[in-house]
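Please read it alongside the sequence and the coordinates.

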Amino acid sequence: MIGVTILGATGSIGVSTLDVLARHPDRFRVVALAANRRADRLYEQCLRHRPRYAVLRDPAAAAELRSRLRSDAPEVEVLEGAAALEQVAALPEVDQVMAAIVGAAGLLPTLAAARAGKRVLLANKEALVMSGALFMEEVRRHGAELLPIDSEHNAVFQCMPADFRRGLAPVGVRRILLTASGGPFRDTPVDALESVTPEQACAHPNWSMGRKISVDSATMMNKGLEVIEACWLFDAGADQVEVLIQPQSIIHSMVAYSDGSVLAQLGNPDMRTPIAHALAWPERLESGVDALDMLRVGQLDFRPVDRTRYPCLELAYQALDEGGTATAILNAANEMAVDAFLDRRLGYMRIAPVIAETMAAVPARSAGSLDEVFEADAAARRAAQAAIRRLAG
């Protein structure tokens, strides 16, 4: 039996992962489920999947869960706090860790999984965006296995030759083409974006996702973070990663080769496909996703990215070019701005200006240690908060 820990169990990726695991009870065993503070949902998941451990980062929520499980599922041990997240990521009985905690909070437990030599199913972008060089070094040093879960990176992984880690040029790869849906506002006049609401921004046309990542998709910061992630995952330069809009979200990404070939991975927009792929790799298993009906799809469209509509993508390329802690600063500023937008403290069209002001206010430095990364993150959050207060007025 393959033991699995799910970090971010109550989010959309965690729920999809549990759906896939439940289809193969003879192959996988849920060892630990971890979340931030959603005690009600984690309680239901514990009753159904009976993990050995349940973790909530928030102590009050953990106390509530512990009380409820004491009679209903006494075999589940409830842990609490950030250190417990790292603990269940490194348990000896765990073989695979789904790293799906959104935001900077997911960095340390994901690192713990890598340092324990686990198969890390990476759905947390921030691990690579904040500390790409450090994280990849830990993966190599401890013999961990890193498999991408983002539909785009998983698609690229499937289209790459098996020996791509010896370099893209030696294996004939010319370009990585990341596709994007364009989000809910791809056809909205730019001058109408000033008045969009969090509800509108979270209404993704193709995917069912959490609120933060839905807003990132609308601004296309999500794609910017994916460009940064792709450079680390596939040892690519920024000039080798191109973004284009594919409105149907059927082609999840492509790899262009030096001989003129382009390989693409297609499928219905359902995260259970990349999750099942990574859980079973190099084998394949049933995911619960319907087979793609090409006749029903009818046609596939492509559009270039309008950088004036999506300034966040340009900011991500800028941070990638600056290097060091610039990407951690970018990520922190974006988290703060998106939170303010979701709380209705900041307008949608002020998200990118907050990030730009923060990047200008906090100089990028070397990212030689986690301390330097976290210092940059903290400084960026302070600068972003000041920018939010100014721009919200």
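## Annotated binding site

In an unreviewed entry, UniProt assigns the feature "binding site" to Lys 125, Ser 151, Glu 152, Ser 181, His 204, Ser 217, Asn 222, Lys 223 and Glu 226. From this set, Ser 151 belongs to the lining of the largest cavity. The model on which these positions are viewed here is a predicted one.

Ser 151 is part of helix H7, and it counts as buried because its relative accessibility is 6%, under the 20% limit for that class. Ser 181, by contrast, is placed in a loop, the one that runs between strand S8 (173–180) and helix H8 (198–201); with a relative accessibility of 9%, Ser 181 is also classed as buried. A polar atom of the Ser 181 side chain lies 3.0 Å from the backbone nitrogen of Gly 183.

## The enclosed cavity

When the whole structure is searched, one cavity of 30 Å³ or more is found, and the space in the largest cavity comes to about 60 Å³. Ten residues line the largest cavity, and those closest to its centre are Ser 151, His 252, Gln 265, Thr 273 and Pro 274. Two elements, helix H7 (151–159) and helix H11 (272–280), each give two or more residues to this lining, with H7 giving the most, namely three residues.

In terms of residue class, the lining of the largest cavity is made up of seven polar, two nonpolar and one charged residues.

## The second largest pocket

The second largest pocket holds about 450 Å³ of space. Its lining consists of 23 residues, and Met 136, Phe 164, Arg 165, Trp 232 and Leu 233 are the ones that lie nearest the centre of the pocket. Helix H6 (126–142), strand S7 (145–148) and helix H10 (221–233) each contribute at least two residues to the lining, and the largest share, four residues, is supplied by H6.

Sorted by class, the residues that line the second largest pocket are 18 nonpolar, four charged and one polar.

## A buried loop residue

Gln 246 sits in the loop that joins strand S9 (241–245) to strand S10 (251–257). Despite being a loop residue, Gln 246 counts as buried, because its relative accessibility is 1%, and buried means under 20%.

If neighbours within four places in sequence are set aside, Gln 246 is in contact with Thr 179, Ala 180, Ser 181, Ile 251, Leu 300, Asp 301 and Phe 302. One of these contacts, Ser 181, is also among the positions that UniProt lists under "binding site" in the unreviewed entry.

Ala 364 is located in the loop between helix H15 (351–361) and helix H16 (370–392). Leaving out residues up to four places away in sequence, Ala 364 touches Glu 322, Gly 323, Thr 325, Ala 326 and Ile 329. Between the C-alpha atoms of Ala 364 and Asp 191, which are 173 residues apart along the chain, the separation is 33 Å.

Terms used: Residues are numbered from 1 along each chain as its sequence is written. This is a predicted model: local features need pLDDT of at least 70, side-chain atom pairs count only at pLDDT 80 or more; totals for chains, interfaces and linings use all residues. Side-chain values use heavy atoms; hydrogens and water are left out. Buried means under 20% relative accessible area, exposed over 50%, partly exposed in between (1.4 Å probe, protein chains only). Contact means heavy atoms within 4.5 Å. On a 1 Å grid over the protein atoms alone, a cavity is a set of points where a 1.4 Å probe fits but cannot get out, and a pocket is an open set with protein on both sides within 12 Å along at least five of seven lines; lining residues have an atom within 4 Å of a point. Grid points are joined across faces, edges and corners, and a volume is the space filled by probe spheres set on the points. Ala, Val, Leu, Ile, Met, Phe, Trp, Tyr, Cys and Pro count as nonpolar, Asp, Glu, Lys and Arg as charged, and the others, Gly among them, as polar. UniProt positions are given in the numbering used here, feature names are shortened, and annotations may be inferred rather than shown by experiment. A polar contact is a pair of N or O atoms within 3.5 Å; within protein, one must be able to donate a hydrogen and the other to accept it, and residues adjacent in sequence count only if both atoms are side-chain atoms.
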